[in-house]
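Please read its points with the model open beside the text.

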Amino acid sequence: MLFPEFIHHIIIMYLQTMKNICMLAIAAMTGIQSYAVAEKQIIRISTNQTDLVLQVAPNGRLYQTYLGEKLLHETDLEQLEWNIHPASDASVIERGWEVCSTSGNEDFFEPAWGITHSDGNPSTWLYYVSSSTKSVEGGMQTDILLRDDKYPVDVTLHYVTYPEENIIKTWSEIKHEEKKPISLFRYASTMLYFSNPSYYLTEFSGDWAKEVQMSNQQLQFGKKIIDTKLGSRAAMHAQPFFMLGLGQPVNENTGNVLMGTIGWTGNFRFTFEIDNVGNLRVIPSINPYASTYELAKGETFTTPEFIFTLSKGTGEGSRNFQRWARNYQIKDGKGSRMTLLNNWENTAFDFDESMLAELMKEAKDLGVDMFLLDDGWFGNKYSRNNDKAGLGDWDANKQKLPNGVPALIRYAKEAGVQFGIWIEPEMINPQSELMEKHPEWAIRYPNRDTYYYRNQLVLDMSNPEIQDYVYNVIDKLMTENPELAYFKWDCNSPITNIYSPYLKNRQGRLYIDHIRGVYNVMKRVSENYPKLPLMLCSGGGARCDYEALKHFTEFWCSDNTDPVERVYIQWGFSHFFPAKSMCAHVTSWNKNASIKFRTDVASMGKLGFDLGLKELTANELLYCQQAISNWKRLSTTILEGEQYRLVSPYTTQHMAVNYVNTDQTKAVLFAYDIYPRFEEKLFPVKLHGLHPNKMYQVKEINLMPGEESTLRANGKVFSGDYLMKIGLDVLGFKPLESHVIELTEQQ
Ligand code: GLA
């Protein structure tokens, strides 16, 4: 038995030596310095909790040698071998985890980059050239330059680490100096490798009004892909984030978990591939579907950012994301948020100036900060009285609003609230003046019947002229009405009839350049209106990514505002987003649920209302007013605090979550009974994140007027230790009941 192994070993050594000789020869010819480096060249990319370690192998290429919990001893990095994780054909030759695996290399599994050179050669081998680091806001950036030895193609890998938040953000860039364009058929943001006994994926899928439904599965050999090819309302069926249990299914408080999300508002694709020896590679990317990208000489292709955290349990991972997003990513992440009254569920398209003036008074009466006018306010030749006409014609409808937007702002001022407005600027209805003027602006086939989604088409945002037009929709409204306080920017259609009259024979760029065009506009709005809050919306929550959120203060989670469904939807989104970015409105969906239950559910997020006050009894109105004032008083804790998910609606008939402010002096506990079973055994809810030695007074708030708390703990004082180890009896048997508990440190 020893003999063949011995032969095998000799073969490997021989091949290795031959390869090294070849490599040194290539190095001498190309002048790439790192080939000659005899000692290990190690690149360490770390947060306070995580290490990603890369190594330049003797062949001059870059390999991942470690990704996991932070290593305590720098010297241990030297022990890591580039070829310690045999995969592919490692039984016959040395292999490692190439950081930027490319088409045409020796690896037999999915590459990060697929490139066809201008001479038709589909192979790229990337060699390490140099790396550098620099400080950036909140962290450290590492840039690594790789270069092909046969073609003038450079790939740069970027990593930004946020040590405190334990977040790593990574993306890549490619450019070339070949005479003719090269075509890109794969362009991953990054590629991460894992070696664990098992892998369990949690994905967030859904549909309109069913966002972020969480499901779990164990990954097996081969590929699991989560992707979308909807183009603009891209995340309608799959949200751009996932969680991966490394060695066990994901759990709230234990076990190693990777949580990742891609900042891309268009077609994305996550590939999870388990290879022949049980290693997993994770490849976040723009979806290359119908998108072979012709890249011209000197042009740079930048991938979206992939943002990830490795944590113990998903709770910690969520808090990492939430903190990081508030500190560095979302627009005005550290700022406050406005409560609002929206009119979509209340009036739909059916309103006029005097009705809106009344609603603004209602907003004031309710105690919110702003009135938000939804769809239906524009279009004249083709009035926006339903969803069949008007998109593209952004002038106020003279019949409904004879005095235009300025009058509405005046009414809002008189009422004492701010005024915000809905737009859907990337879209066009065939029945619109814009279509009459610019039929060539819509994305659609020149030679086939046009098919529609919600009676509309998508404007061709790859065309800079159309980007200007879309920017001007907002700029004109702002210039004419500088007091406009807020925009809800919607996007209700996927891209249909995928053909750009502008791109002509470069259609492979459309899905990508369209989204880049959308970003150009969003960026201009951010730059010119840095303080303007905006809601990102896409027929509910089909836009919920961290690239768009650089330009938006918040996003609309779902058109489904049934509080029972919202418990699940907000639970799902909270895995990646802070409460202040998640718009949650109280509406009339599910009237079986009391106004208290509906409001208590919305109070977990960025609180708003979308109903007519006439639907409420005097008592209910009083309740809402008090709940809004409670929410405002506690908004620093809810919006800026640490969030702990305590009881999952996926595994129980209840849900509970608590928020703790930064100095642990204040906490809020939300507890909901959904549809409890008859006489089921109830357990106290154990809080998290409190200071064990601080004493907290427990007070139930958001009670209906005249009602007393029935909780035994109400009014009592407990130590944080007690509250976290023994907990509070806040769950009950009755369906659709809720409790909101304020905990305040007692000196
Ligand atoms: C989308 C949004 C809704 C509403 C309508 C208006 O569906 O998600 O909130 O604004 O459009 O048409």
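1. In the side chain of Asn-492, a polar atom lies 3.2 Å from an oxygen atom of the ligand. The protein covers 96% of the 310 Å² of accessible area that the ligand has on its own; such areas come from the Shrake-Rupley method with a 1.4 Å probe, and for residues only the protein chains shown count as cover. This is a predicted model, in which local features need pLDDT of at least 70 and side-chain atom pairs count only at pLDDT 80 or more, while totals for chains, interfaces and linings use all residues. Residues are numbered from 1 along each chain as its sequence is written, and side-chain values use heavy atoms, with hydrogens and water left out.

2. A polar side-chain atom of Arg-454 is 2.9 Å from a ligand oxygen atom, and an N or O atom in the side chain of Asp-490 is 2.9 Å from an oxygen atom of the ligand. In total, 13 residues surround the ligand, each having a heavy atom within 4 Å of it. The closest are Asp-374, Asp-375, Lys-488, Gly-540 and Asp-559.

3. How many disulfides does a search of the whole structure find? The search finds 0, a disulfide being a pair of cysteine sulfur atoms within 2.5 Å. Cys-491 is in no disulfide, and the nearest cysteine sulfur, that of Cys-537, is 8.8 Å away. Cys-491 is also buried (under 20% relative accessible area; exposed is over 50%, partly exposed in between; 1.4 Å probe, protein chains only), with a value of 1%. For Cys-557, the closest cysteine sulfur is in Cys-583, at 6.6 Å, too far for a bond. Cys-557 counts as buried, at 0% relative accessibility.

4. Helix 6 comprises residues 404–415; helices (H or I, at least four residues) and strands (E, at least two) are DSSP runs numbered from the N terminus. From first to last C-alpha, its 12 residues reach 17 Å, close to the expected 16 Å, where the expected span is 1.5 Å times one less than the number of residues. Among its buried residues are Val-405, Leu-408 and Ile-409. Their cover includes helix 5 (353–366), strand 22 (370–373), strand 23 (418–423) and helix 8 (464–480). Gly-416 follows helix 6 and has a positive phi, near 90°.

5. Helix 3 (residues 313–329) has 17 residues and spans 23 Å between its first and last C-alpha, close to the expected 24 Å. Helix 3 is mostly covered, with 13 of its 17 residues buried.

Methods:
Contact means heavy atoms within 4.5 Å. A polar contact is a pair of N or O atoms within 3.5 Å; within protein, one must be able to donate a hydrogen and the other to accept it, and residues adjacent in sequence count only if both atoms are side-chain atoms.
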